[in-house]
Amino acid sequence: MIFPDKQLAIRLESSLAEDMREYVETFQQLFPDQQTAYQTIGGGIVICMGSNYLNLAVGMGFDTTISASDFDDLDTFFQQHHITPSIEICPFVNPRFLNLVSQHGYHLLKFTTAYIHTLADIPFISTDIQVKPIDDTQRELWVNTVMDIDAGNTTTDTHLAQAVTHRPHTTCFLATRDDIAVGASALSIRHNIATLYFTSTRQAYRGHGVQTAMIHARLAYARAQGCELAFATTIPGNNSMRNLLRAGFQVAYTRYMMGKDSAYLG
């Protein structure tokens, strides 16, 4: 078991911030006509990916030099790109940062939970689901599998999924059963930390252990690549949370999504 502390949180949040920067850069290369941008502010990064849901700041607040001017820069970024202000905050940030968040009109939107896995003990599971890294010929199949989501779900965009398959430091995995694609997921590796993300199971195959198989396959892959830790985030109480805990993940800390109405920017 690992006892989370500020140093671990900085490693995890910094890795996530680098992932977000790389995501924007890849997106810009693939879709130059889309409104995308990023800026380093307050020790973290704020990103804009147009009409997509990935418009937020991450990794901010650990540096003791954080100041009101950083929040002015943050507001300017959100205003210039016409997106609603949003910041993901780790509980190990500097207390001064929390005061500035409050002073600048941010309020709590939701919680997410950060989980870590030491990769020392990956439980064996018996399954008929095969999970393997994709090759270049399977990119379109991977994207189509990700996009087979519930009607009305707006958290995934085709361009976002396509960008994942071209990101450096990322490996995409396809889950199949009887040679039929049933799930898709991704894993990024940097600084010996493996981040599990973009996990999706096709509607017709949910409840059959697909996500569990993808979690275990990525953990085994991360360990084989020499990673020290695996990292994942979920909304509290959902099926992903239960599957992560069953796979041996432990809770590291709760993250806070803070935001404010874009009208507040004037």
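**The interior and its surroundings**

For a chain of 266 residues, a compact globule would have a radius of gyration near 18 Å, and the protein chain of this predicted model agrees, with 18 Å. Along the principal axes, the C-alpha atoms fill a box of roughly 55 × 45 × 30 Å. The secondary structure comprises 7 helices and 11 strands. Of the 266 residues, 51% count as buried. Among contacts with a separation of 6 or more, 73% are between residues 24 or more positions apart. The exposed surface comes to about 12400 Å², with carbon and sulfur atoms supplying 49% of it.

In soluble globular proteins, nonpolar side chains tend to be buried together. Here the largest nonpolar core has 61 residues, and those touching the most other members are Tyr23, Phe71, Leu74, Phe97, Trp142 and Phe198. Helix H1, residues 6–30, gives the largest share of this core, with 9 residues. A second, separate core holds 25 residues, including Tyr205, Ala213, Ile215 and Cys227.

Leaving out residues up to four places away, Tyr23 touches Met49, Leu54, Leu160, Ala161, Ala163, Val164, Arg167 and Phe198.

Arginine 167 also links this account to a polar residue. Aspartate 19 lies in helix H1, and at 2% relative accessibility this aspartate counts as buried, because the limit is under 20%. Its side chain makes a polar contact of 3.2 Å with the side chain of arginine 167. Beyond the neighbours within four places in sequence, aspartate 19 is in contact with Arg167, Ser188, Arg190 and Thr195.

Asparagine 55 is another buried polar residue, with a relative accessible area of 11%. Asparagine 55 sits in the loop between strand S2 (44–49) and strand S3 (56–58). The side chain of this asparagine reaches the backbone nitrogen of methionine 49 at 2.6 Å. Apart from residues up to four places away, the contacts of asparagine 55 are with Ile47, Cys48, Met49, Gly50, Ile83, Thr84 and Ser86.

In helix H4, residues 139–146, the buried residues are Trp142, Val143, Thr145 and Val146. Viewed down the axis of H4, these residues fall within an arc of 160°, so they line one face of the helix. They pack against helix H5 (158–164) and against strands S7 (170–177), S8 (180–190) and S9 (193–201).

Helix H7, residues 239–246, has Met241, Asn243 and Leu244 as its buried residues. Their arc around the axis is only 165°, which puts them on the same side of H7. On the other side of H7, Asn239 and Arg246 are exposed. The packing partners of the buried residues of H7 are strand S5 (107–117), helix H6 (210–224) and strand S10 (229–234).

Both ends of H7 carry a local feature. At the start of H7, a side-chain oxygen of asparagine 238 comes to within 3.3 Å of the backbone nitrogen of serine 240. Just after H7, glycine 248 adopts a positive phi of about 100°.

How values were computed: Residues numbered from 1 in each chain as written. Predicted model: local features only at pLDDT ≥ 70, side-chain atom pairs only at ≥ 80, totals over all residues. Heavy atoms only, no water. Core = buried A, V, L, I, M, F, W, Y, C linked by side-chain atoms within 4.5 Å. Buried < 20%, exposed > 50% of the residue type's maximum accessible area, 1.4 Å probe, protein only. Helix = DSSP H or I, 4+ residues; strand = E, 2+ residues; numbered from the N terminus. Contact = heavy atoms within 4.5 Å. Arc of directions from axis to C-beta. Rg over C-alpha atoms; globule rule 2.2 N^0.38 Å. Areas by Shrake-Rupley, 256 points an atom, 1.4 Å probe, with all protein chains shown as cover. Polar contact = N/O pair within 3.5 Å; in protein donor to acceptor, adjacent residues only side chain to side chain.
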